[in-house]
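Here is a short report on the structure below.

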Protein chains: 2
Amino acid sequence: MTNLPPVVNLAAASRQLNEPWQPRVVAALNDVHFKVAYVLGEFPWHHHDDTDEAFLILEGEVLLDFPDGTRTIGPGELCVVPKGLEHRPRSAEGARIALIEPAGVRNTGNLADDAKTTESDVWL
Amino acid sequence: MTNLPPVVNLAAASRQLNEPWQPRVVAALNDVHFKVAYVLGEFPWHHHDDTDEAFLILEGEVLLDFPDGTRTIGPGELCVVPKGLEHRPRSAEGARIALIEPAGVRNTGNLADDAKTTESDVWL
């Protein structure tokens, strides 16, 4: 089967992660990465100047705060944060998510080095 | 809530479709479209010269045939078909899927107009 494209179960891949806010790449579509992540607690407010960012929830519930309000998103739901828009993901109980965005995106966006800034483009 | 980014339930969106092989766009990430589709029966063999194409299964089972074999993919599973690789999706029982690929991609790829060729970039 080595000549066949790999198949990734997104939720199962995300369950391999124990550290929150440490996305890992599981597939690439041209220059776009599919990542999985475990999220727990609050991420800092930030934005991405150069790209949109898609959140797809796999397990649990995520709150996405925006300047004008909050979206609550659950399993199977997709929300694309437009480039430049301030946002803060958080999850009190913890959640497993997929992030879809171009390779090389800094997780904390415009922020100076934050405690949650992590290396980009690390494969699972 | 009008200033908040929309949230799309991919499976629910896909259930709005009754015609097989007629993808509909539900979200955009930069120049990449998230589409949903209902698939049933066999699609023609084809490839895309200029882009990879991601299949994410929402409900049901899809077989992806390649020159070297077949992948069977089910709910929550993702398979990225590399650009240039011949493939044929099929589903005997029918399935609901998401397709992630750049805007403007022709569904039947390199084929001359086929019975299944359909307009690109039509939003749900």
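## Fold of chain A

In this predicted model, chain A has one helix and eight strands. The order along the sequence is β-α-β-β-β-β-β-β-β. The radius of gyration of chain A is 14 Å, close to the 14 Å from the globule rule for 124 residues, so chain A is as compact as a globular protein of that length.

The C-alpha trace of chain A spans about 50 × 30 × 25 Å along its principal axes. Of the 124 residues in chain A, 38% are buried. Take the contacts in chain A between residues at least 6 apart in sequence: 63% of them join residues at least 24 apart.

## The nonpolar core

The largest nonpolar core contains 62 residues. Which residues have the most contacts inside it? They are F55 and I97, in chain A and in chain B.

Consider F55(A), leaving out residues up to four places away in sequence. F55(A) then touches V62(A), L64(A), I73(A), C79(A), P89(A), I97(A) and L99(A).

## A closer look at I73(B)

I73(B) sits in strand β6 of chain B, which covers residues 69-73. Is I73(B) buried or exposed? I73(B) has 24 other C-beta atoms within 10 Å. The cut-off for a buried residue is 20 or more, so I73(B) is buried.

Neighbours within four places in sequence are again set aside. In chain B, I73(B) is in contact with F55(B), I57(B), V62(B), L64(B) and C79(B). I73(B) also contacts V7(A), a residue of chain A. L56(B) is 17 residues from I73(B) along the chain, and their C-alpha atoms are separated by 8.5 Å.

## Where the chains meet

Contacts between the chains involve 31 residues of chain B and 31 residues of chain A. On the chain B side, at least two residues each come from β1 (7-9), α1 (10-14), β2 (24-29), β3 (32-42), β6 and β7 (77-81). Which element gives the most to this side? β7(B) does, with five residues. By class, the side of chain B that touches chain A holds 21 nonpolar, six polar and four charged residues.

Strand pairing also links the chains. Strand β1 of chain A, residues 7-9, is joined to β7(B) by three bridges, and the two strands run antiparallel. In β7(B), C79(B) is the bridge partner of V7(A). Both C79(B) and V7(A) are also among the contacts of I73(B).

Terms used:
Residues numbered from 1 in each chain as written. Chains lettered and ligands numbered in written order. Predicted model: local features only at pLDDT ≥ 70, side-chain atom pairs only at ≥ 80, totals over all residues. Helix = DSSP H or I, 4+ residues; strand = E, 2+ residues; numbered from the N terminus. Rg over C-alpha atoms; globule rule 2.2 N^0.38 Å. Buried ≥ 20, exposed ≤ 12 C-beta atoms within 10 Å, placed from the backbone. Contact = placed C-beta atoms within 7 Å. Core = buried A, V, L, I, M, F, W, Y, C linked by C-beta atoms within 7 Å. Nonpolar A, V, L, I, M, F, W, Y, C, P; charged D, E, K, R; others polar. Pairing = 2+ DSSP bridges.
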